[in-house]
Every structure is written in C-alpha cells, then in structure tokens.
Amino acid sequence: MNTRDHLNRFDVWAPHARAVTVRIEGGDHDMVPAADLPEDSPAGTAARRDGWWTLPDGVDVPEGTVRYGYLLGKTFDEGTAEERSQVSEVLPDPRSRRQPQGVHDLSCTFEASAHRWGDGAWTGRTLAGSVVYEMHVGTFTPEGTLDSAVERLDHLADLGVDFVELLPVNGFNGEHNWGYDGVLWYTVDESYGGPAAYQRFVDACHQKGIGVIQDVVYNHLGPSGNYLPLFADYFKPGSSTWGDLINLDGWGSDGVRDYILDNVEMWLRDYHVDGFRLDAVHALQDHRAVHILEEIAELVERVGVETGKPLFTVAESDLNDHRMITPTTAHGLGMTAQWLDDFHHASHVALTGETQGYYADFAALGTLDKVMRDAFYHDGTMSVFRGRHHGRPVDKQRVRPWQFVTCIQNHDQIGNRAAGDRISASLTPDQLVLGAALLLTQPFTPMLFMGEEWGASTPWQFFTAHPERELGEAVAKGRKAEFASMGWDEDTVPDPQAPSTFTDSKLDWDEPGRDDHARVLAAYRELIALRRAVPELTDPRFDTIGTDLDEDARWFVLRRATAPGSDHGVAVLLNFGAEPARVPFPGRQDAEVLFGSGDVSLTAGTGGGAVAALPAHGAAVVRY
C-alpha cells in the first residue's frame with residue numbers, strides 16, 4: 001500500500017525511534033506514533049502503519065512555507081532508558097521537497113498544488129516513434145538552471161525531438177554534480193532552481209509539444225548527506241559498484257519500497273513527467289516474489305490510466321534479458337523499454353575504430369549487423385570482455401524494436417572516458433553526419449546527448465564539488481587510478497573537483513551557427529524530419545528489417561521493407577570506410593534519394609538491383 005495520499009504535512013517514518021520531535025521554525029513539537037491514534041482522530045489521515053510518526057491533534061504549527069527538521073530519540077535497543085530519551089541532531093526530512101541551504105540543513109515545505117499548470121492541451125505521446133534528447137541541466141546552458149533551459153526549448157522544438165530526458169536533479173552535496181550522487185530523492189536541487197522551477201520547465205516543454213523523462217536513481221545514494229539510515233532500515237548488508245544496497249527485500253523493506261513508489265507517483269502527479277529512465281536496474285537486489293520494478297511498472301500504468309496519458313518506464317539494464325521489457329502479465333518485469341548498450345558499442349567501433357576495453361567484443365562490422373536484426377549482440381554468446389557467456393535471445397514475437405533506446409553518445413559513454421571527449425573530438429564532419437544517419441534511421445528509439453546535434457567541441461567530463469576535502473581527494477585519486485589501470489595517461493584525466501572541469505563541460509551556444517557545426521545540425525534536423533515522415537523507418541516489427549554488409553570495404557546496408565517479405569521499402573546506405581564505395585541495394589537506378597551526405601549517384605547493378613556510389617564516410621537513404 002502506498003502511503004503518499006495518507007500523509008499529513010510533517011509525518012515521518014522512523015520505526016526504530018523511541019521519540020521523535022519536529023522542529024518547525026525554531027519551535028519543537030513532540031510527535032506520536034500514527035498507529036496509536038484513534039480511528040476518529042483528525043490526524044487519522046496520517047499513514048496508520050507501524051513506524052510512522054505524526055503530530056497529535058490540536059498542535060498549533062506555523063502555516064505557509066516553513067523550515068523544519070527532526071530530532072530522533074535513541075534508536076534500536078542501544079543504551080539505558082535515559083540515554084534512549086535523548087535526541088539527535090536536527091535532521092532533514094527523508095521526503096524533503098526543498099533544501100534551500102543544502103542537504104545537511106533544515107528542510108523546507110513546498111506546496112506543489114500552488115503551480116497553475118498551462119499544459120492542459122498536452123495529452124502526452126508514446127515512446128514508440130519518438131526521438132529522445134538527454135540533458136544535464138547544469139551544463140546545458142551557461143546559467144545551468146531549469147529556467148535558462150526553458151529559453152532554449154525553441155532549439156529543441158526546431159530540431160524535432162519528442163522528449164527531453166533530464167539527468168537526475170535530486171539534492172546533492174556541493175555546488176554541482178553529475179546528479180548520480182543525490183541523497184534526497186524528493187527534492188529538486190536548488191542550484192537548478194528548486195521544485196517550482198522544475199514545474200515551470202515541464203509546463204513549458206509540454207506547451208512546446210515536448211515530453212519530459214526524468215532519470216531516477218533508486219539503486220544507491222551519494223556519499224555525503226545521506227541520513228536515511230538514522231530513520232529506518234533503508235539499506236541492507238552488501239554493496240554494489242556505487243555504494244550500499246537498498247533494502248528492497250529485508251526486514252522493514254515495505255517502508256523502503258513505499259519510499260520509492262511514492263517518489264514515482266510524486267514525479268507523475270506533482271510534476272507532470274511523462275516517463276522515467278531508471279538507472280542501473282541490474283543493481284537493484286530484490287529477491288521478493290514481486291520485484292520492485294514490477295510494482296513501479298504497474299503504478300505508472302495505473303496513473304497513466306487515471307490521467308489519460310501514455311506514461312512509461314525505460315530501464316538501464318546490463319543484463320541483456322528481454323524479460324526486463326516483457327509485460328508483468330506475461331511474467332516479465334514490465335518496463336516499457338530499456339537502453340541497448342550493444343547498439344552504442346557496435347556503432348562506436350564502426351565510426352571510430354576503437355576496440356579497447358568492452359569495445360573488443362564489437363570489432364567486426366558484423367556485430368552491427370546482428371544488433372540491427374536481433375537487438376542484443378550478446379544473446380547467450382561469449383563476451384571476451386566479461387570472460388563469460390552473456391545474455392539471452394530477444395523474443396521477437398513479444399518485443400518490439402522501439403522498446404530499445406539507442407544512442408551513439410550519452411552521458412556515461414562520454415563522461416566515463418578519461419578526458420570526457422565526445423566523438424566530435426576525433427571525427428570529421430562527414431563522419432558525424434554518417435553517425436547521425438546511422439542513429440536516426442535504425443529500428444530502435446534514438447537518443448541524442450545534448451550538443452551532439454551540432455558536433456559540439458566542448459567535452460563532457462566527470463565533475464564533482466564535494467565540500468569535504470578528504471572525499472574530494474579520494475574521488476580524484478580513484479579516478480586517476482581507474483584510468484591508469486586501463487593504460488591511460490593519468491595526466492589526461494581532469495581533476496573532478498577542479499571548477500574548470502565543470503565549466504569546460506558547458507555547451508557553447510555560439511557553435512550551432514558556425515561552419516561545420518551548422519552543417520551537422522542541418523543534417524540532424526533533416527534526418528529527424530525524415531524519420532517522422534517515412535513510416536518504414538519506425539515500423540514496429542523485427543521482420544521488416546534486413547541487412548547487407550562488406551566487412552572489408554566497410555559498407556553497410558539497412559533495409560526496411562514496407563511489409564514483411566515485400567520488395568519495396570527504404571534502404572539506408574552507410575560507408576564507414578575511408579575510401580569511396582559502390583554499395584548495392586535492391587531497386588532501380590532511378591530510385592528516390594531521400595537523404596544524401598556528399599556526392600551520391602545511382603547506377604544499375606550488373607546482376608539486378610542498383611548500386612549507389614558513396615563518398616568516403618558517406619550516407620544515403622533511398623526508397624526502392
């Protein structure tokens with residue numbers, strides 16, 4: 001049972017506390033266990049489950065926006081009765097909506113219903129057929145705020161994207177952060193403008209015809225400002241790559257799951273978001289019969305039915321298991337879609353030639369061929385990088401291509417490089433347009449990383465601003481050691497704590513109108529418009545996909561038939577080679593060229609069909 005609709009203003013879950021006091025604007029008020037209240041108590045609307053504390057009837061507390069925090073009595077069975085009656089330092093609310101003075105300070109109330117929404121005409125849109133744009137608020141504009149991002153929405157609307165996917169915006173310690181060190185999941189960090197600015201941003205997006213996907217992190221918390229363990233059993237023994245494991249299946253995990261589910265519902269109802277990207281769901285260790293992802297999926301579906309909008313979930317999963325996106329009614333986990341790293345890796349190698357690390361599994365152009373047809377390259381195959389077999393085949397009768405979100409760049413794949421360099425740092429404009437043609441014509445749901453659309457020259461580096469000197473030094477040293485172990489020169493690794501690492505990662509908005517940047521931007525706009533206008537490019541069936549390639553000549557053809565077995569359709573011709581190539585495709589020499597990069601000419605083939613002459617790193621889309 002979710003608790004969100006049953007909570008009073010200052011209710012808090014602290015099942016082990018012997019006493020709880022809420023300090024509101026300097027005044028202390030003792031709280032009582034909600035479960036002890038009589039049924040007819042005015043405070044009886046509070047969550048009546050064990051562990052919840054509420055203010056008793058008749059307590060006079062200030063109205064309006066107030067600062068507040070909690071003082072907890074000694075927890076568990078520690079100490080004497082006298083010691084257990086003592087209170088702790090003032091702690092922020094685990095469900096705080098605002099932290100005006102940082103994650104260590106008092107919380108602040110926020111009335112979400114005060115915003116007067118102007119998005120009544122927005123009825124939402126499905127992920128199927130859409131183009132997603134990944135954005136980090138702090139580096140998207142020079143100001144790094146949600147309000148300043150609103151001023152750039154015309155650029156996104158003209159580009160033709162359907163959804164903006166915001167990297168996590170939760171409260172973190174320090175002046176700036178990637179977002180994955182958040183510690184208060186219900187907040188919007190004040191550096192971005194706080195929760196009211198978030199509402200204005202979503203409202204403005206919807207009025208521009210753009211949906212909003214929120215990246216949420218339910219698998220770990222950041223290293224500074226995490227007070228949750230003082231309130232309840234939010235964690236359990238063990239750790240993942242990023243920190244302590246969230247308690248999803250141990251003692252007291254009902255309340256932890258409510259904490260997550262109520263947060264999901266908050267984003268949907270109070271902030272009108274259209275979908276979620278769930279970070280690293282393979283790190284969610286949950287052995288209960290009903291997985292937390294199933295509960296999230298069913299909650300999102302239920303709110304979607306109530307609001308009449310096609311709400312959805314996108315999982316970042318490293319498992320290569322299609323059960324992630326199989327409906328719960330078919331014994332799957334119920335996610336609407338998932339990221340497809342195999343597409344990124346195969347594309348990255350095809351475009352750049354890099355084969356170190358996990359790219360070693362994708363050295364052959366044939367890996368891109370398999371990904372196009374089967375989604376997972378590793379579908380039970382041997383992964384040299386992992387040193388084991390990985391994945392399982394996709395059930396093409398149950399799963400659709402659009403359920404895989406793909407990219408040629410994203411925050412992880414750029415920011416986790418030693419220098420945070422984009423592919424534009426090493427590729428020519430021709431190659432960048434080639435990459436755009438690959439991304440925006442493939443069968444899956446494409447996602448761009450901010451600035452990719454004009455071949456931004458600015459890096460996007462890993463940056464932190466931990467106020468604790470020891471923590472900052474540890475992060476910087478760990479970063480250098482990690483890349484040194486991979487053979488990188490540690491001098492190329494920027495200090496995450498240096499202010500310049502953050503400021504250097506901000507987009508340069510003077511670039512889109514300049515020379516080669518303008519050419520790349522024009523290609524992205526043209527290809528996004530083409531994707532929307534040509535139904536074969538977004539056909540939701542695997543059996544309309546065909547491929548051809550020449551490993552030596554480095555050309556690749558993606559065919560999208562009008563219907564399964566049809567001799568008519570659209571062919572995407574891609575030359576990854578450094579030399580001109582003659583690329584055969586089904587059709588005639590008078591086929592319609594829908595898009596061309598460079599000087600493209602068509603001639604009749606010797607054995608039937610046609611041949612396209614493509615320049616080095618050239619691309620064409622033709623109707624046959």
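Modeller: Let us start with burial: a residue is buried under 20% relative accessible area, exposed over 50%, and partly exposed in between, with a 1.4 Å probe and protein chains only. By that scale Cys407 is buried, with a relative accessible area of 5%, and Cys108 is buried at 3%. This is a predicted model, in which local features need pLDDT of at least 70 and side-chain atom pairs count only at pLDDT 80 or more, while totals for chains, interfaces and linings use all residues. Residues are numbered from 1 along each chain as its sequence is written, and side-chain values use heavy atoms, with hydrogens and water left out.

Biologist: How many disulfides does a search of the whole structure find?

Modeller: A disulfide is a covalent bond between the sulfur atoms of two cysteines. The criterion here is a pair of cysteine sulfur atoms within 2.5 Å, and the search finds 0.

Biologist: Which residues touch the most other members of the largest nonpolar core?

Modeller: In soluble globular proteins, nonpolar side chains tend to be buried together. A nonpolar core is a set of buried Ala, Val, Leu, Ile, Met, Phe, Trp, Tyr and Cys residues joined through side-chain atoms within 4.5 Å. The largest one has 155 residues, and Tyr198, Phe201 and Trp267 touch the most other members. Apart from it lies another core of 16 residues, including Ala571 and Val622.

Biologist: With which residues is Phe201 in contact?

Modeller: Contact means heavy atoms within 4.5 Å. Setting aside neighbours within four places in sequence, the partners of Phe201 include Met135, Leu146, Val164 and Val212.

Biologist: What covers the buried residues of helix H15?

Modeller: Helices (H or I, at least four residues) and strands (E, at least two) are DSSP runs, numbered from the N terminus. H15 spans residues 515–533, and its buried residues include His517, Leu521, Tyr524 and Arg531. Their cover includes helices H4 (153–159) and H12 (429–441), together with strands S19 (445–449), S24 (592–597) and S27 (619–623).

Biologist: Where does His155 lie, and is this residue buried or exposed?

Modeller: His155 lies in helix H4 and is buried, with a relative accessible area of 12%. Beyond its neighbours within four places in sequence, His155 is in contact with Glu453, Trp454, Trp509, Leu521 and Arg525. Leu521 is also one of the buried residues of H15.

Biologist: How many helices and strands are there in the protein chain?

Modeller: There are 15 helices and 27 strands. Of the chain's 624 residues, 57% count as buried.

Conventions. The expected span of a helix is 1.5 Å times one less than its number of residues.
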